[in-house]
Amino acid sequence: QVQLVESGGGLVQAGGSLRLSCAASGSIFRIKTMGWHRQAPGKQRELVAVISSGGRTNYADSVKGRFTISRDNAKNTVYLQMNSLKFEDTAVYSCAADPRDWGTPITYWGQGTQVTVSS
């Protein structure tokens with residue numbers, strides 16, 4: 001089994017920055033792809049960013065140029081640096097991991113962390 005624990009959410013003013021962290025534990029050998037999803041009230045869940053074990057990345061159009069995903073394989077941790085935050089970035093952000101080499105990570109999930117951007 002894989003456990004994912006997020007941290008770093010909170011309240012920030014528009015234009016500000018936050019960094020989310022997600023630490024993996026347990027059967028980490030199962031993990032290849034990691035990423036971040038988000039879900040705002042009344043909206044569908046959206047894949048924000050994904051990173052492979054080799055560092056390949058992909059982003060939702062809505063966050064390109066503002067968010068950066070990275071991972072430290074030695075620490076089994078993935079990060080999401082969020083800059084130039086907008087009100088519409090307000091959502092619950094969830095870390096996810098997957099044993100596949102690439103694609104949308106959906107197999108293992110963290111509990112989620114709230115990000116609130118005030119306008």
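Mentor: One term to start: a polar contact is a pair of N or O atoms within 3.5 Å. Within protein, one atom must be able to donate a hydrogen and the other to accept it. Also, this is a predicted model.
Trainee: Okay. What does the side chain of H37 reach?
Mentor: The backbone oxygen of P105, at 2.8 Å.
Trainee: Where is H37 found?
Mentor: In strand β4, which covers residues 33–39.
Trainee: Is H37 buried or exposed?
Mentor: Buried. The relative accessible area of H37 is 4%, and the cut-off for buried is under 20%.
Trainee: Which residues does H37 touch, not counting those up to four places away in sequence?
Mentor: R45, E46, L47, V48, V92, Y93, S94, A96, T104, P105 and W109.
Trainee: New topic. How many salt bridges does the count come to?
Mentor: Six. Side chains of opposite charge can pair when their charged atoms come close.
Trainee: Which residue does R38 meet in a salt bridge?
Mentor: D89, at 2.9 Å from N to O. R38 lies in strand β4 and D89 in the loop between β8 and β9, so the pair ties together parts 51 residues apart in sequence.
Trainee: Are R38 and D89 buried or exposed?
Mentor: Both are buried.
Trainee: Which residues are linked with them in a network of salt bridges?
Mentor: The network links R38, E46, R66 and D89.
Trainee: What about D101? Which residue does it form a salt bridge with?
Mentor: K32. The closest N and O atoms are 3.3 Å apart. This pair links distant parts of the chain, 69 residues apart. D101 is in the loop between β9 and β10, and K32 is in the loop between β3 and β4.
Trainee: How accessible are D101 and K32?
Mentor: D101 is exposed, at 55% relative accessible area. K32 is partly exposed, at 30%.
Trainee: And which residue does D61 pair with?
Mentor: D61 forms a salt bridge with K64, with the closest N and O atoms 3.1 Å apart. D61 counts as exposed at 66%, while K64 counts as partly exposed at 47%.
Trainee: On to cysteines. How many disulfides are there?
Mentor: The count comes to one. It joins C22 to C95, S to S 2.1 Å. The two are in distant parts of the chain: C22 in strand β3, C95 in strand β9, 73 residues apart.
Trainee: What kind of bond is that, in general?
Mentor: A disulfide is a covalent bond between the sulfur atoms of two cysteines.
Trainee: Why call this one left-handed?
Mentor: Because the torsion about the S-S bond of C22 and C95 is about -80 degrees.
Trainee: Are C22 and C95 buried or exposed?
Mentor: C22 is buried at 0% relative accessible area, and C95 counts as buried at 0%.
Trainee: Last one. Where is L85?
Mentor: In the loop between β8 (77–82) and β9 (91–98). L85 is buried, with a relative accessible area of 2%.
Trainee: What is L85 in contact with, leaving aside its neighbours within four places?
Mentor: V12, A14, G15, G16, S17, L18, R66, F67 and V117. R66 is also in the salt-bridge network.
Trainee: How far is L85 from C95?
Mentor: Their C-alpha atoms are separated by 18 Å, and they are 10 residues apart along the chain.

Technical notes. Residues numbered from 1 in each chain as written. Predicted model: local features only at pLDDT ≥ 70, side-chain atom pairs only at ≥ 80, totals over all residues. Heavy atoms only, no water. Helix = DSSP H or I, 4+ residues; strand = E, 2+ residues; numbered from the N terminus. Buried < 20%, exposed > 50% of the residue type's maximum accessible area, 1.4 Å probe, protein only. Contact = heavy atoms within 4.5 Å. Salt bridge = Lys/Arg side-chain N within 4 Å of Asp/Glu carboxyl O. Disulfide = S-S within 2.5 Å.
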